[in-house]
Amino acid sequence: MSDHLGVCEQCRGQVERTLEGDAAFFALRSAVLGSSAGTIASQGVTHPTVDQIAEYVDGMATGEELQIIEDHLTCCGQCVLAVNDLRAFKNQITPRLNREYRPASVRSTSESWRDRLHALLPSPLLRSPLALGSALAVLLLLVMGWLYWQSQQERTKPEVVIVTPPTTFTPPAAPQVSPTASPIPAPENASAPILAQLNDGEGRVTLDRDGKLSGVDHLPPGYQRMVKESLTNPRLTRSSLLAGLNRPGSSLMGSDEQGNKFSVIEPIGKVIVSARPTFRWSKLEGATGYVVEGYDEKFNLVVTSPQLTGNSWTVPQPLKRGEVYSWQVKAIKEGQEIKSPRPPAPQAKFRILDQRKANELAQAQKAYASSHLTLGLLYAEAGLLDQAEKEFRALQKANPDSALVRRLLSQIQKLRN
C-alpha cells in the first residue's frame, strides 16, 4: 500500500482530501469509533513532534528529551494513542514491507522507516500525531484486507494433476557381497560372563563382569554391597572390635611350680554376644576349689564367683555392653592360691558386643538364616570369628569346589590365630 501511494498521485490525493486537517480527521474518527473516540485534549498543550514520537518508539530518545516525552505520556491520552498506533504499525507492517513488498529500486540501508513515512505521507498527517496514528491504523486495515483477498485467491486456484505413463519395472541388480566377513553383533539380551557364582542356602548368588548382582534381592542395599564386594575381592579385614584383645601365643597361660598345667580357656581375645559370659578353664590336679574374678578396663573388680569345684562359671548378672573386660581364675591347692593367667602371660580379655550391633545380628539371623554368606560376612565384621567360621564351613559344604569360599574360610582362620 505504501509503494502504491508513492507512485499513484490519484490515490494519494484522495487520502489527503479525506484526512486534510484535524477537524476532518476527528470527524472521520468519531464516525468510525463512535462514542469511544473520546474528546480532543485541551488546547495550548505542547505535544511531542512526529520525529520525537518516532525516536521514542525506536528507543532512540535519550536524556532530557526521553524524560520529557515519558512525563508527557503520563497525562496525555492523545499522544499515548499516537505512540501505541505507531508502535503497532512498526511491529506489524514494517517486517512485511522489508520482507515481502520491497520497492523496485533499492534504497539505502541507512534510511530508516521514519524517512519512508515522511516521503509517503502528506504534511497535514505529520503535523498531527493523533491523525498520523489513526491514518496508519487505516492503512493497516487495508493491508490486512488485501492479504486476506490474496489468500482466498490462492485457495480457489485449480489443482493441476500430471499423469505419467506407466513404466516397465526393472528389478534392481543383486548387491555385491564383500568378501570381508562382517562381525556379528551380540544379541541385546545376551548376558555378561559370570564372574562369581555361589550356592547360598535356598538360592544362588551370581555376579557378572558388568557388576550385576543377582540372587540377593531380599537383602537390604547395605548387605547387597557387602556381598558384592566379597565376591569381587574376597578379602576379610580384622574387625576394629578386636583391637586391644591380645591373644596368648600358647593355650598354656599359667602353671604351678610343680609343672602341673592350669590355664584359662575362654573367652580370650574375642568378641562375645551374650552380656552374661561363661568362663571356662582347665582343671588343676589336686585343687580343691576355684574362684573367678572379672575386671573392667580400669582394673576395677566388677564380678567375682563363689568358690567353685567345677571348671566353668556363668555370670549371674549381665555386664555392661560395649566394654572390654579381663578375667582370671584362682585355684586353691593345699591352702595356696594359684592364678591363671599370670605374668609373663598376657591378660585374658574379651569384649561384649554393643546393644545396637547385637540387635542387628539377631534380626539378620531370623530374616536371612539360610544365607550363610551374608551371616558369615556380618559375623566377621562384628569380630565374631567363631560364628563366621561356622557359616563359611556351611557355605563350603554347599560349594565344595569354590576357590572363593576356601579363601574366605582361610582368611577367617588366620584372623583367629
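1. Gln411 counts as buried because its relative accessibility is 15%, where buried means under 20% relative accessible area, computed with a 1.4 Å probe on protein chains only. Gln411 lies in helix 15 (residues 403-416), and, leaving aside residues up to four places away in sequence, Gln411 touches Pro234, Arg235 and Leu236, contact being heavy atoms within 4.5 Å.

2. The model is predicted, with local features needing pLDDT of at least 70 and side-chain atom pairs counting only at pLDDT 80 or more, while totals for chains, interfaces and linings use all residues. Residues are numbered from 1 along each chain as its sequence is written, and side-chain values use heavy atoms, with hydrogens and water left out.

3. Helix 4 (residues 50-58) packs against helix 5 (residues 63-73) at an angle of about 95 degrees, the axes being 11 Å apart, so that helix 4 is roughly perpendicular to helix 5, a term covering 65 to 115 degrees. Gln52, Glu55 and Tyr56 of helix 4 meet Glu65, Leu66, Ile69, Glu70 and Leu73 of helix 5; by class, this contact has 4 nonpolar, 1 polar and 3 charged residues.

4. An open sheet is formed by 3 strands in the order 4-6-9, with antiparallel pairing, where two strands pair if DSSP finds at least two bridges between them. Strand 4 (264-266) and strand 9 (312-314) each have a single partner strand, so one side of each is left without a neighbour in the sheet. The twist averages 25 degrees from one strand to the next. Strand 4 is joined to strand 6 (residues 278-281) by 2 bridges, and Arg280 in strand 6 is the bridge partner of Glu266.

Definitions and conventions:
Helix = DSSP H or I, 4+ residues; strand = E, 2+ residues; numbered from the N terminus. Axes fitted to C-alpha atoms, helices over the stretch in contact; angles between N-to-C directions. Parallel < 35°, antiparallel > 145°, perpendicular 65-115°, else oblique. Nonpolar A, V, L, I, M, F, W, Y, C, P; charged D, E, K, R; others polar. Buried < 20%, exposed > 50% of the residue type's maximum accessible area, 1.4 Å probe, protein only.
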